Amino acid sequence: MKFKTFVKNFVKKATETIEAVERFSELEGEEKKERLDDALTKFAIKALDQCGLNFALKFIIEKFVIKNIPVISQAIFDLIEKRIKGITIESLGEG
């Protein structure tokens, strides 16, 4: 697994987890956020163990991505919440 794949899978997992927590959880806001962050942290650690990245890149992900999962998950949540009509990956030149 390459870094690009790691990021893509992380965003997919975050989206799926946000939807599941919102839909099926009777927890309140802060508890939902903690559950989301815990699930994403576990996912990221497991993915790093399987991805075959070099030591330096793994170190950077551990120190900057995993430690900032609460910030990243909130940003993903905010983007999902604000879905901008008409914007697609293809319109941004990523497809």
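Select F3 to begin; F3 lies in helix α1, where helices (H or I, at least four residues) and strands (E, at least two) are DSSP runs numbered from the N terminus. At 36% relative accessibility, F3 counts as partly exposed; buried means under 20% relative accessible area, exposed over 50%, and partly exposed in between (1.4 Å probe, protein chains only). Not counting residues up to four places away in sequence, F3 touches L53, L57 and I61, a contact being heavy atoms within 4.5 Å. Draw the C-alpha to C-alpha distance from F3 to I61: the two are 9.3 Å apart in space and 58 residues apart in sequence.

The model is predicted, so local features need pLDDT of at least 70 and side-chain atom pairs count only at pLDDT 80 or more, while totals for chains, interfaces and linings use all residues. Residues are numbered from 1 along each chain as its sequence is written, and side-chain values use heavy atoms, with hydrogens and water left out.

**The whole chain**

Colour by secondary structure. Of the 95 residues of the protein, 24% count as buried. Among contacts with a separation of 6 or more, 69% are between residues 24 or more positions apart.

**Helix α1**

Next, select residues 3–24. Helix α1 has 22 residues and reaches 31 Å from its first C-alpha to its last, close to the 32 Å expected at 1.5 Å a residue; the expected span is 1.5 Å times one less than the number of residues. Show the side chains of F6, F10, A14, T17, I18 and V21, the buried residues of α1. Viewed down the axis of α1, these buried residues fall within an arc of 105°, so they line one face of the helix; the arc is that of the directions from the helix axis to the C-beta atoms. On the other side of α1, K4, K8, K12, R23 and F24 are exposed. The cover over the buried residues of α1 includes α2 (29–51), α3 (55–65) and α4 (69–81).

**Where α1 meets α4**

Two packed helices are described by the angle between their axes and the distance between the axes. Here α1 and α4 pack at an angle of about 70°, with axes 10 Å apart; axes are lines fitted to C-alpha atoms, for helices over the stretch in contact, and angles run from 0 to 180 degrees between N-to-C directions. The two helices, α1 and α4, are therefore roughly perpendicular to each other, a label given to angles of 65 to 115 degrees, with under 35 roughly parallel, over 145 roughly antiparallel and the rest oblique. From α1, F10, V11, A14, T15, I18 and E22 meet I69, I72, S73, I76, F77 and I80 in α4.

**S73**

Centre on S73, which lies in helix α4. S73 is buried, with a relative accessible area of 0%. Beyond its neighbours within four places in sequence, S73 is in contact with I18, K33, L36, D37 and L40. The S73 side chain makes a polar contact with the side chain of K33 (2.6 Å); a polar contact is a pair of N or O atoms within 3.5 Å, where within protein one must be able to donate a hydrogen and the other to accept it, and residues adjacent in sequence count only if both atoms are side-chain atoms.

**Helix α2**

Finally, select α2. Its buried residues include K32, K33, L36 and D37, and the buried residues of α2 pack against α1, α3 and α4. Just after α2, G52 takes a positive phi of about 70°.
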